[in-house]
Amino acid sequence: MGVLPILIIASLFVAICFLLAFLWAVKNGQYEDSYTPSIRMLLDDKKMNNQVEIEDKHGN
Amino acid sequence: MPTNPPNIPCYHCGLDCHTSEIAVEEKMFCCHGCLTVYEILKASDLCDYYDLNQSPGSTPNEMGLETKYGFLGDESLQKQLLNFADGDKANITLTTPTMHCSSCIWLLESLYKLNAGITYSKVNFLKKTLNITYNTNTTNLQSIVQLLASLGYEPEFNLQQISNKSQQTAQKSLYIKIGIAGFAFANIMLLSLPEYFAKADEVPESFIWFFGWLNILLALPVLLFSARDYFMSAWKGIKHRVVNMDIPIAMGISTLFIRSTFEIVSGIGQGWMDSFSGLVFLLLIGRLFQDKTYQRLSFDRDYKSYFPLSVIRKRELKEESIPLGNLNPGDRILVRNNEIIPADSILISGHGNVDYSFVTGESDAVKKQSGDMIYAGGKQVGSTIELEVVKVVSQSYLTQLWNNDVFRKEDDNSIDSLANTVAKYFTAIVISIAVATLLYWLPNGIQSALNAATAVLIVACPCALALTIPFTFGTAMRFFGRIDFYIKNSQVIERLAEINIIVFDKTGTMTDSQGMEIEFIPENGNRLSESEIQLIRDIARHSTHPLSRKLVSFLPITDLYMEPESYEEIPGKGIIASIDGKSVMLGSSVFVTGEKKDRRTINATRVFLTIDDINRGYFEFRSIYRKGLKVLMSSLVDKYEVDLLSGDNDHEKENLLPYFGGNSVLKFNQSPEDKMKHIHSLQKRGDTVMMVGDGMNDAGALKQSNIGISISEDVHAFSPACDAILNADEFQRLPNILRMAKSSISIVKVGFAISFLYNILGLTLAVQGYLSPLVSAILMPISSVTVVVFSTVATSLAAKRILIDNPRY
């Protein structure tokens, strides 16, 4: 039974880590815009030197 | 003569190309603006823009951007616009309403490729804002805004933006409060499990002590931070001698915390820390549910958001763009086509043709001669005019309306709300029961008396009661949003259920703001031939008069255009032109036919026509009433008094009368102030008034009324200060909305009844001293959950039946 307090404190410590992560996310503004990021991740950021590939697409 | 190609969409913006001349690499563009954008993007290798979506662009405005945004160079103005400026770094949030697709996001976030001075740009699509950080050494605000405008993403600037910066922090702090309360709730629950299930002597003494203190530690932030608003609101209520719902809540949770702490510290028991944190958590969730606001909509706009931020001042033949606030009487200003006249002024030169529809509701533009006074708020239609300012912006005729007291008083409707009325009686009853219990148990010793009395306060905490309203109204609000009816806050629902008079504005509210029905009534039955129609269209095209423009859009489009050989427009009268060898006159009855006044013209606007001096008849212009107006009105006049206040003349009184009931008041030629006074006089009579309007001229009335509903074709576009915004297409659902509001109130009352039952059950246990932590831990969440489920489900069902399934009108 003596190990219980240690385990409880350990579990609380883990829980506090998650709480801090949540607080950071709120402060960071992640809850302000829940739509744009879902689009942004689908947009590819092509390298500047892909000239040929782009030309091809527009050539057709 | 170029003929139209079959409709080819512009490669950039998707509009029809009227000519095939503007083309590059087999891609067609509708205008040089679009072509320019394409070339800019191509030069910077940003043509991915076109791969993401077809024709993703917005048609750019080709006006002189150089002078238009000159005012952004002004240091003091920049300071007000920027979020921060630190050394050579500056950050600004711009509103760009034209962004509409994923290509826009991509391009706006790739701005750094187009302007090296921009270090970072981030889009918030829902709010249509763009946050830009830039280096002040390599670029400046003006060139960034010009770049955006030339790409078709012209940012919106107005005075309102300056006077109030965003208040995002409230929402953020609510999230944090919920996070902390939820964290404490879950962990305390976990630590309380032995208390719930273990037998008395199974758990060692040291553990109980350890768990108890840990619980206090976890509950402290909930008390001091998460529940802070309830204590503050209760304190405010006590200070103003008003009993609000937060007083019994604050009483309940503070008793819970104090007694639990006492029990833990003195080793009597484990307390109710789980109930305490769970209660705060649930209450905050209710608040979140209720406070869901419509981010892009603004309900508190005044003239400032309607007026431009800058104006072009002419000084010694030099034109410069200056902030509106710096405008002084005596200044000469230039106002271009479709720009707002920002201050009362005198016309110096140019053809004034001012559209006051937004201010007065009067639909026809007014011709002005040089020397005439022009009031602020009108919109110049046609050529550029030069004006001399007479009064500063804030003292002008229109803006003075906002100096009225109505606009100063804060909305303070919370005092009489349903919840607070209930809270008044509730608090009184709970306190008297608690005192009675205390006195009853006193003979058995002070300890047990205090135990029983605090148990009463704990179990009577109106958690379920306080959750009924947020969940009912929050759900109703969501369903209202689905049919494009957006309300400012949940109290609006309560007031909607109370109204007994509805006042309508005419232009733009009962009539379609853009639509006009035009009919040609031929003289002697001679219809117009196709070639004649084309001649009229080609002549009318040259005129900027609103009636001519409406005529052009009404007449069928033909492929051929013909230039008139001669053309003359006589202001206030009409047009004389010769075209294709024929002489054509178009205009008023006196001008065209020489007849003094046609007695039939009283009810409608008419434009007469002669071709080669032969009278051919006239075009009749009638405003179109909104679809379903008849059914809507007939269902409203049964239950409410329905009035009409129109800024327009009484041309259409005869047409309107059948829509209204016998006791309706119909007033015409009403100034914005008249409207406000009419509403005020109704309220003095003891009536609760709902105003339905659309324009600036209704602003005073909307604010004065108990509920002001603004009708809008585009809910994101400008609408005056109001309590609710209704999409014009859903106008016919007004009776359903009112019915839904009433149903919501009934649901709240049933919810109250349910939570009272739980309270009575709990109280019966408490006064007898049977309230163990376990019973409390079960009873409290169950009562809350029952009420939340009931409110949400009942409201959803009612809304489905009344709002969604019901066919309109």
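Chain A holds three helices and zero strands. Its pattern along the sequence is α-α-α. The model is a predicted one. In chain A, 0% of the 60 residues are buried. Chain B supplies the helix packing, the buried helix face and the seven-stranded sheet described below.

**Interface of chains A and B**

- The contact involves 21 residues of chain A and 21 residues of chain B.
- On the chain A side, helix H1 (4-27), helix H2 (36-40) and helix H3 (51-59) each contribute at least two residues.
- H1(A) gives the largest share of that side, with seven residues.
- By type, the chain A side that touches chain B splits into 14 nonpolar, two polar and five charged residues.

**Helix H6 of chain B**

- H6(B) spans residues 141-150, and B:Leu141, B:Ile144, B:Val145 and B:Leu148 are buried in it.
- These residues lie on the same side of H6(B), because they cover an arc of only 95° around the axis.
- An α-helix has 3.6 residues a turn, so residues three or four places apart point the same way.
- What do the buried residues of H6(B) pack against? Their partners in chain B are helix H4 (75-81), strand E6 (89-95), strand E7 (118-124) and strand E8 (129-135).
- Just after H6(B) comes B:Gly152, with a positive phi of about 100°.

**Helix pair H15 and H26 of chain B**

- Two packed helices are described by the angle between their axes and the distance between the axes.
- For H15(B) (residues 446-459) and H26(B) (residues 734-767), the axes come within 9 Å and cross at roughly 170°.
- H15(B) is therefore roughly antiparallel to H26(B), since angles over 145 degrees count as roughly antiparallel.
- From H15(B), the residues in this contact are B:Ala452, B:Ala455, B:Val456 and B:Val459.
- H26(B) meets them with B:Gly762, B:Leu763, B:Ala766 and B:Val767.
- The residues of this contact comprise seven nonpolar, one polar and no charged.

**Seven-stranded sheet of chain B**

- Seven strands of chain B form an open sheet in the order E18-E30-E29-E28-E19-E26-E27.
- The pairing in this sheet is mixed.
- Which strands stand at the edges? They are strand E18 (485-487) and strand E27 (666-667) of chain B.
- Each edge strand has a single partner strand, so one side of each is left without a neighbour in the sheet.
- Strands of a sheet pair through backbone hydrogen bonds, either parallel or antiparallel.
- E28(B) (residues 689-693) and E29(B) (residues 707-712) pair in the parallel sense, over four bridges.
- B:Val692 stands opposite B:Ile709 in E29(B).
- Helix H24 (residues 672-684) of chain B lies across strand E19 (501-505), strand E26 (641-645), E27 and E28.
- H24(B) runs at about 160° to E28(B).

**B:Leu551 and its surroundings**

- B:Leu551 sits in helix H20 (residues 546-554) of chain B.
- Is B:Leu551 buried or exposed? B:Leu551 counts as buried, because it has 23 C-beta neighbours inside 10 Å, and the cut-off is 20 or more.
- Leaving out residues up to four places away in sequence, B:Leu551 touches B:Ile518, B:Ala540, B:Val607 and B:Phe619.
- B:Leu551 and B:Phe619 are 68 residues apart in sequence, and their C-alpha atoms are 8.5 Å apart in space.

Terms used
Residues numbered from 1 in each chain as written. Chains lettered and ligands numbered in written order. Predicted model: local features only at pLDDT ≥ 70, side-chain atom pairs only at ≥ 80, totals over all residues. Buried ≥ 20, exposed ≤ 12 C-beta atoms within 10 Å, placed from the backbone. Arc of directions from axis to C-beta. Contact = placed C-beta atoms within 7 Å. Nonpolar A, V, L, I, M, F, W, Y, C, P; charged D, E, K, R; others polar. Axes fitted to C-alpha atoms, helices over the stretch in contact; angles between N-to-C directions. Parallel < 35°, antiparallel > 145°, perpendicular 65-115°, else oblique. Pairing = 2+ DSSP bridges.
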